[in-house]
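Please look through the sequence and the structure shown here, and then read the briefing that follows.

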Amino acid sequence: MKIAVLPGDGIGTEIVAEAVKVLNSLDLKFEMEEAPVGGAAYDAHGHPLPDSTLKLAQQADAILFGAVGDWKYDKLDRPLRPEQAILGLRKHLGLFANFRPAICYEQLTHASSLKPELVAGLDILIIRELTGDIYFGQPRGRRVAPDGHFPGAEEAFDTMRYSRPEVERIARVAFEAARKRSKRLTSVDKANVLETFQLWKDVVTEVHKDYPDVALDHMYVDNAAMQLVKEPKRFDVVVTGNMFGDILSDEASMLTGSIGMLPSASLNDKKQGLYEPSHGSAPDIAGKGVANPLATILSAAMMLRFSLNKPEAADRIESAVKKVLAQGLRTPDIYSEGTTKVGTREMGEAVVKALG
Ligand code: IPM
Ligand code: MG
């Protein structure tokens, strides 16, 4: 089992270190190799995704990823910015299926900005298509407008596009996932305005014929954004495109109390996967030892389940996380009165201890 460890920038190094500690405390043998990515790789090699890092990722069974990005790189040309590292890994490894569970742990019900009764017991799975849509569509660029409202003015454009096979494969992933849960799937689109998402809706409807046991409903993305805060528990599995999934998964994370709790998995058709917390590099708190490592630790659990075929080890980690929450340990992002505030390292060590 070969794991490429890519901590990246900001809090990435601190939180990945705790996840590695947890992995090393299981009685399993891993081959782990670390490489720089994002701004750290730009500083070391002049590129956010150096060939050596990409090669390591391609040869690994799974990638444990921290986070990339820092304001200090915002002035670089786009191809050199840290974000290009994660986009490049998604593209080069074909990681089209992104799983973003939003689970509200019992002890954190009060950390959510919504009323406790709206989020208690919440367990949603957002499945985001990750290698298509306006993120990757060509052409894109800046130019002098040849037409439009202001011909001759400077303009910028991106292209939203999806092909039938791209929608079909993510739809199948979503139907399969729904089958293993409550057999309810919501497909989120903007078919009332966009051709791209009319095709999306048509294809999802066709694929549904192969999954008659799953109840499918379609929802426009604006309504989905509203329903997520109005009545989040109406959702179970949600499938959507790259752009809408980016936005809705951040929204869903807040229902759970903190984005610091949310893991994610990005898989290709060979079950090779990249595992990362859903949050970013948080440069404002980097190096202070206060970041919540639980999203990364839970991402390592997803890695064991999806790419390394060790579901029992994944269960052990997830139970250990529940145990430390029950013990009242909280990093500042999930702290509330009456609980015990701990730092990144103490939280990681508590999970190791709770593995049993
Ligand atoms: C995410 C992030 C990325 C995205 C950025 C860092 C490129 O927001 O994983 O959700 O937009 O996909
Ligand atoms: Mg995002």
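Predicted model: local features only at pLDDT ≥ 70, side-chain atom pairs only at ≥ 80, totals over all residues.

V229 is part of helix α8, which covers residues 221-230.

**Surroundings of V229**
- When its neighbours within four places in sequence are left aside, V229 is in contact with L114, L118, E251 and L255.
- From V229 to G356 there are 127 residues in sequence, and the two are separated in space by 37 Å, taken from C-alpha to C-alpha.

**Two domains**
- The protein chain is divided into domain 1, made up of 1-96 + 268-356, and domain 2, made up of 99-133 + 159-261.
- The C-alpha centres of domain 1 and domain 2 are 23 Å apart, and contact between the domains involves 19 residues of domain 1 and 17 residues of domain 2.

**Nonpolar cores**
- The largest nonpolar core has 84 residues, and those with the most contacts inside this core are L23, F99, I124, I127, F175, L185 and L304.
- Helix α10, which spans residues 294-306, gives the most to this core, contributing 8 residues.
- Both domains take part in this core, since at least three residues are drawn from each of domain 1 (1-96 + 268-356) and domain 2 (99-133 + 159-261).
- Another core, of 18 residues, lies apart from this one, and L54, A57, A85 and L274 are among its residues.
- I124, one of the residues with the most contacts inside the largest core, is in contact with R100, P101, A102, R181, L228, P232, F235, D236, V238 and L255, once its neighbours within four places in sequence are left aside.

**The cavity**
- How many cavities of 30 Å³ or more does the structure hold? There is 1 cavity of 30 Å³ or more, and the volume of the largest cavity is about 30 Å³.
- The largest cavity is lined by I126, V188, A224, L228, F235, V238 and L248, and by class this lining has 7 nonpolar residues, with no polar and no charged residues.

Notes: Residues numbered from 1 in each chain as written. Chains lettered and ligands numbered in written order. Heavy atoms only, no water. 1 Å grid on protein atoms, 1.4 Å probe; cavity = no way out; pocket = protein on both sides within 12 Å on 5 of 7 lines; lining within 4 Å. Points joined across faces, edges and corners; volume = space filled by probe spheres on them. Nonpolar A, V, L, I, M, F, W, Y, C, P; charged D, E, K, R; others polar. Core = buried A, V, L, I, M, F, W, Y, C linked by side-chain atoms within 4.5 Å. Buried < 20%, exposed > 50% of the residue type's maximum accessible area, 1.4 Å probe, protein only. Helix = DSSP H or I, 4+ residues; strand = E, 2+ residues; numbered from the N terminus. Domains from an automatic or database assignment. Contact = heavy atoms within 4.5 Å.
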